[in-house]
Amino acid sequence: MDIDNSPRLLTVRGIDIKIHITFPLILIWAALQFGLLGGAGWEGALFGVIVIILLFVIVTLHELGHSVAAQHYGVPVRQIVLLPIGGVAQLDHIPETPWQEFVIAIAGPAVNFLLAILLGVLSLLPGFDFVGIDELTLRGGITLPLIYSYIFAYNIFLGVFNLIPAFPMDGGRVLRALLAMRMDHLTATQWAVRVGQALAWVFGLYGFLSGNFFLILIAFFIYMGAGAEGNLVRLRSYLRDITVEQAYSRQVNALRPSDTLHHAVTLTLRTLQSTFPVLQMGRLVGVLPYHVLVQALDDKGPSTSVAEVMVKDVEPARPNEELFDVQQRMRESQLDSLPVMDGDEFLGIITSRDIGEIYRLMAIDPSLVPRQVWRRKEEAPYAAESAG
Ligand SMILES: [Zn+2]
């Protein structure tokens with residue numbers, strides 16, 4: 001099931017907090033683990049459910065820590081999704097300014113340590129005393145100190161675990177950000193990936209020798225996560241030097257505002273083009289993305305005019321704009337393509353498929369990517385023109 005369609009619990013600072021449809025599985029697991037399997041009966045089952053819900057409140061606070069820090073630096077946060085294995089805050093992008101990445105990454109674990117300190121201080125009050133780790137069982141029944149001690153221990157665990165300096169853990173980002181204060185982003189990432197993968201080997205080996213299957217699983221997860229982050233950053237650093245004009249589609253079909261959606265569908269089927277610019281007398285007046293077309297067909301029917309449903313006020317891509325920036329903008333505006341304009345002149349469209357194709361070529365051999373042949377080179381530089 002698509003994460004975007006998960007049911008929403010609540011909204012905090014404009015961020016939707018959603019629970020994934022598989023989330024109840026962890027509640028059932030907890031009830032079984034603490035109740036039936038632990039021999040503690042219904043009381044144990046109830047305890048399991050209470051503790052897991054509290055743990056997920058903590059996970060949510062951890063993700064809110066990242067989110068609030070991100071918003072502070074102007075990074076939009078799409079949503080927080082709670083999965084049985086933990087939470088994910090979906091940030092629009094991770095800033096490459098080392099200090100900003102550092103603050104956003106550390107804000108999550110910092111929330112856990114603050115909560116642990118707060119609980120520690122509260123434990124000085126009568127009736128709030130801690131239970132020792134070895135007593136974290138239900139022998140004395142469900143008591144406040146027992147629940148309280150679980151929450152304390154979990155905060156420490158979550159804070160420390162996430163600070164392991166390896167991607168995809170927060171610690172990997174913290175390490176990269178610290179390194180990036182002394183070197184460029186790509187080199188810092190490569191070092192952080194090496195540290196993460198070396199740690200993964202240590203964990204894996206230790207897990208293997210001690211027969212700890214869970215540790216081997218974690219090691220595998222860290223190793224793959226580190227590699228994936230390394231590849232992504234390498235590709236992005238290549239992509240930085242590539243401009244829209246090396247990637248956009250020139251031969252595109254356009255619609256007129258007066259065309260019907262039926263006409264648009266026919267054109268899609270005939271040409272396999274999924275997004276259309278809408279032109280009036282050669283001037284761009286809007287864009288009809290595929291998902292808008294499909295939705296509008298469903299809501300309003302095929303005889304509706306394109307003008308009625310097209311997306312207006314789309315900021316077009318410029319031929320000399322860096323592909324990386326355009327990709328960011330597409331993601332922010334949730335469009336999978338943008339019209340390419342040179343001043344008032346419509347040139348074509350750039351789609352996420354075009355960008356994906358460049359990624360693919362880059363991964364095979366960077367020399368396969370079309371060279372920059374911007375025809376205006378001998379005329380006034382483009383940047384100077386658009387700045388004026
Ligand atoms: Zn985190």
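At what angle do helix 8 and helix 9 pack, and how far apart are their axes? In this predicted model, helix 8 (residues 261-271) and helix 9 (residues 290-300) pack at an angle of about 135 degrees, and their axes are 11 Å apart. The legends below take up that contact and several others in turn.

**View 1. Overview of the chain, which has 13 helices and eight strands.** Of the 388 residues of the chain, 31% count as buried. Among the contacts in the chain with a separation of 6 or more, 59% come from residues 24 or more positions apart.

**View 2. Helix 8 and helix 9, packed with their axes 11 Å apart.** The angle between these helices is about 135 degrees, which means that helix 8 is oblique to helix 9. Helix 8 passes helix 9 in a left-handed crossing. On the side of helix 8 the contact involves Leu261, Ala264 and Val265, and these meet Leu293, Ala296 and Leu297 in helix 9. By class, the residues of this contact divide into six nonpolar, no polar and no charged.

**View 3. Helix 2 and helix 3, packed with their axes 7 Å apart.** Helix 2 (residues 41-72) and helix 3 (residues 98-122) pack at an angle of about 140 degrees, so helix 2 is oblique to helix 3. The crossing in which helix 2 passes helix 3 is right-handed. Helix 2 brings Ile58, Leu61, His62, Glu63, Gly65, His66, Val68, Ala69 and Ala70 to this contact, where they meet Val103, Ile104, Ala107, Gly108, Ala110, Val111, Asn112 and Leu115 in helix 3. The contact of helix 2 with helix 3 has eleven nonpolar, five polar and one charged residues.

**View 4. Helix 5 and helix 6, packed with their axes 8 Å apart.** Helix 5 (170-180) and helix 6 (185-210) pack at an angle of about 140 degrees, and they are therefore oblique to each other. Their crossing is right-handed. From helix 5, Gly172, Leu175, Arg176, Leu179 and Ala180 make the contact, together with His185, Ala188, Thr189, Trp191, Ala192, Val195 and Gly196 of helix 6. Sorted by class, the residues of the contact of helix 5 with helix 6 comprise seven nonpolar, four polar and one charged.

**View 5. Helix 5 and the elements that cover its buried residues.** Helix 5 is mostly covered, since nine of its eleven residues are buried. The buried residues of helix 5 are Asp170, Gly171, Gly172, Arg173, Val174, Leu175, Arg176, Ala177 and Ala180. Their cover includes helix 3, helix 4 (144-162), helix 6 and helix 7.

**View 6. The largest nonpolar core, with 44 residues.** Within this core, Ala105, Ala166, Phe167, Val174, Ala200, Ile222 and Ala226 touch the most other members. Two or more residues are given to the core by each of strand 2 (15-19), helix 1 (24-36), helix 2, strand 3 (77-83), helix 3, helix 5, helix 6 and helix 7 (213-239). Helix 3 gives the most to this core, with eight residues.

**View 7. Arginine 13, in the loop between strand 1 (8-12) and strand 2.** Arginine 13 counts as exposed because it has 9 C-beta neighbours inside 10 Å. Leaving aside residues up to four places away in sequence, arginine 13 touches Val68 and Gln71. The C-alpha atoms of arginine 13 and leucine 64 are separated by 9.5 Å, although these residues are 51 residues apart along the chain.

**View 8. Glutamate 245, in the loop between helix 7 and helix 8.** Glutamate 245 counts as buried because it has 25 C-beta neighbours inside 10 Å. From C-alpha to C-alpha, glutamate 245 and alanine 317 are 9.6 Å apart in space, while they are 72 residues apart in sequence.

**View 9. Aspartate 342, in strand 7 (residues 337-342).** Aspartate 342 has 18 C-beta neighbours inside 10 Å and therefore counts as partly exposed. When residues up to four places away in sequence are not counted, aspartate 342 touches Pro319 and Leu347. Aspartate 342 and arginine 318 are 24 residues apart in sequence, and in space they are 6.1 Å apart, C-alpha to C-alpha.

Technical notes. Residues numbered from 1 in each chain as written. Predicted model: local features only at pLDDT ≥ 70, side-chain atom pairs only at ≥ 80, totals over all residues. Axes fitted to C-alpha atoms, helices over the stretch in contact; angles between N-to-C directions. Helix = DSSP H or I, 4+ residues; strand = E, 2+ residues; numbered from the N terminus. Parallel < 35°, antiparallel > 145°, perpendicular 65-115°, else oblique. Left-handed = near helix turned anticlockwise from the far one by under 90°. Contact = placed C-beta atoms within 7 Å. Nonpolar A, V, L, I, M, F, W, Y, C, P; charged D, E, K, R; others polar. Core = buried A, V, L, I, M, F, W, Y, C linked by C-beta atoms within 7 Å. Buried ≥ 20, exposed ≤ 12 C-beta atoms within 10 Å, placed from the backbone.
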